[in-house]
Amino acid sequence: KRTIGTMSILLETTFGDLVLDLDIKGSPSLSKNILKLAKARYYTNTLLYNVLPGKYCQMGDPKGDGTGGCSIYGLIDAYQSVDNSVGRGRQQPPDVTKSQRRFLQSQGRQLSSNELNQKGVVIAMEMGNVPHTIGSQFLITLSENNGLSDLAYGNSSTDAEGKKSNNSVRYFSLGTVAEDT
């Protein structure tokens, strides 16, 4: 097993605690983003959703449906815009969808097909396969041979008009789930 780095975060979930060892060398800006979001307690009480037993689960969307979330910079922007407009008496979190800095550039180490098929890999992905839309969401692989490499490499399909399209998804390394030994 390769050495990822020296930074880890602890996420407390209803399924138990998860320690994520971040890939700070391969994906420094993505690792910084998740580290800062964790420090801001952004992941507190967020759901594990899109659970595909034996494949992967998804986390990091406060809406719990895969449509929400943001980078740390989008979160800061959203709070600053609320503070500047209505003061500090807010009850709800600010709407991050209006931030121009909601997402990060897709920069980091892309995972190989082999890496995607390993258990315990933590993965940043672009929303809806749109470039440069990495925010707070991530996947955790639950088993080996989980099918993600099929989505990432070489998958092409034919649309309703008979045109071939490449549906490959870009997956970036965030690190691994630390396991008790």
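Buried residues (under 20% relative accessible area, with a 1.4 Å probe and protein chains only) make up 41% of the 181 residues in the chain. The model is predicted, so local features need pLDDT of at least 70 and side-chain atom pairs count only at pLDDT 80 or more, while totals for chains, interfaces and linings use all residues. Residues are numbered from 1 along each chain as its sequence is written, and side-chain values use heavy atoms, without hydrogens and water.

The chain has four helices and nine strands. These are DSSP runs, numbered from the N terminus: H or I of at least four residues for helices, E of at least two for strands. Their order along the sequence is β-β-α-β-β-α-α-β-β-α-β-β-β.

Cys57 is buried, at 8% relative accessible area. Cys70 is also buried, at 0%. Zero disulfides (cysteine sulfur atoms within 2.5 Å) are found in the whole structure.

Rings of Phe, Tyr and Trp (its six-membered ring) pair if their centres lie within 6.5 Å; planes under 30 degrees apart are stacked, over 60 edge-to-face, and the rest tilted. Tyr42 and Tyr43 are edge-to-face because their planes stand at 85 degrees, with ring centres 5.8 Å apart. Tyr43 and Phe138 also pair edge-to-face, at 5.7 Å and 75 degrees. This second pair links distant parts of the chain, 95 residues apart. Tyr43 lies in the loop between α1 (28–39) and β3 (48–52), and Phe138 in strand β6 (residues 138–141). Tyr42 and Tyr43 are buried, and Phe138 is buried too. Tyr42, Tyr43 and Phe138 form one aromatic cluster.

Terms used: Buried means under 20% relative accessible area, exposed over 50%, partly exposed in between (1.4 Å probe, protein chains only).
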